[in-house]
Amino acid sequence: GAQAGALAECAKYAQDCKIYATFENKCVALAGASNGAYGWAIGGSDGSARQAGAMRQCQQQGGTDCRMVAQFCSGVSDGS
C-alpha cells in the first residue's frame, strides 16, 4: 500500500516515477537541484549525516544548486 501511495503522489508531479528503496523505522533525506539531479540518504536519527549524504549524492549526479527538499522518518528510528 505504501508503495502504491508513493507512486500515486509522485505521478502528480512527474511521469517517470519509480521506487528506489523502502525502509522501516529509519529516516530519509532528499536533496534536489533545478536541473533534475537528486540525491537521497537513509539512516537513523543523525539528521546532519543524512543531509550530507543526500547533498553529496545530488552533487555527484550533476546538481550544481542542490538543496534539501524533504526529510522524514518512518516509525521510530533505532539510531543507526
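The largest nonpolar core has seven members, namely Ala 29, Ala 31, Ala 33, Ala 37, Ala 54, Cys 58 and Cys 66. At least two residues of this core come from strand 1, and at least two from helix 2 (47-60). The model described here is predicted.

**Confidence**

The mean pLDDT of the chain is 86, and 94% of the residues reach at least 70. In the chain, strand 1 (residues 27-32) has the highest confidence, at 92, while helix 1 (residues 2-11) has the lowest, with a mean of 88. Where pLDDT is low, predicted coordinates should not be read in detail.

**Around the core**

Ala 37 is one of the seven core residues. Apart from neighbours within four places in sequence, Ala 37 touches Ala 31, Gly 32, Cys 58, Gln 61, Gly 62 and Gly 63. Among these contacts, Ala 31 and Cys 58 are also listed in the core.

Arg 50 belongs to helix 2. Is Arg 50 buried or exposed? Arg 50 counts as buried because its relative accessibility is 8%, below the 20% limit for that class. When neighbours within four places in sequence are set aside, the contacts of Arg 50 are Cys 27, Val 28, Ala 29, Ala 41, Ile 42, Gly 43, Gly 44, Ser 45 and Gln 71. Of these contacts, Ala 29 is a core residue as well.

Cys 10 is part of helix 1 and is partly exposed, with a relative accessibility of 29%. The C-alpha atom of Cys 10 is 18 Å from that of Asn 35, and 25 residues separate the two along the chain.

Cys 17 sits in the loop between helix 1 and strand 1. Leaving out neighbours within four places in sequence, Cys 17 is in contact with Leu 7, Cys 10 and Ala 11. The C-alpha atoms of Cys 17 and Gly 1 lie 16 Å apart, with the two residues 16 positions from each other along the chain.

Asn 25 is also placed in the loop between helix 1 and strand 1. Its phi angle is near 55°, a positive value in a residue other than glycine. Asn 25 is partly exposed, at 33% relative accessible area.

**Salt bridge**

How many salt bridges does a search of the whole structure find? The search finds one. Lys 12 pairs with Glu 9 in a salt bridge whose closest N and O atoms are 2.9 Å apart. Side chains of opposite charge can pair when their charged atoms come close. Lys 12 is exposed, at 60% relative accessible area, whereas Glu 9 is partly exposed, at 37%.

**Surface patch**

Tyr 20, Leu 30, Tyr 38 and Val 69 make up a nonpolar surface patch of about 360 Å². Val 69 is located in strand 3 (residues 67-73). Val 69 is classed as partly exposed because its relative accessibility is 47%, which falls between the 20% and 50% limits.

**Accessibility of selected residues**

The table collects values for individual residues.

| Residue | Relative accessible area | Class |
|---|---|---|
| Arg 50 | 8% | buried |
| Cys 17 | 22% | partly exposed |
| Cys 10 | 29% | partly exposed |
| Asn 25 | 33% | partly exposed |
| Glu 9 | 37% | partly exposed |
| Val 69 | 47% | partly exposed |
| Lys 12 | 60% | exposed |

Terms used
Residues are numbered from 1 along each chain as its sequence is written. This is a predicted model: local features need pLDDT of at least 70, side-chain atom pairs count only at pLDDT 80 or more; totals for chains, interfaces and linings use all residues. Side-chain values use heavy atoms; hydrogens and water are left out. Patches are made of residues with over 30% relative accessible area and no salt bridge: like charges are joined within 9 Å, nonpolar side chains (Val, Leu, Ile, Met, Phe, Trp, Tyr) within 5 Å. Accessible areas come from the Shrake-Rupley method with a 1.4 Å probe; for residues, only the protein chains shown count as cover. A salt bridge is a side-chain nitrogen of Lys or Arg within 4 Å of a carboxyl oxygen of Asp or Glu. Helices (H or I, at least four residues) and strands (E, at least two) are DSSP runs, numbered from the N terminus. Buried means under 20% relative accessible area, exposed over 50%, partly exposed in between (1.4 Å probe, protein chains only). pLDDT is the predictor's confidence in each residue, from 0 to 100. A nonpolar core is a set of buried Ala, Val, Leu, Ile, Met, Phe, Trp, Tyr and Cys residues joined through side-chain atoms within 4.5 Å. Contact means heavy atoms within 4.5 Å.
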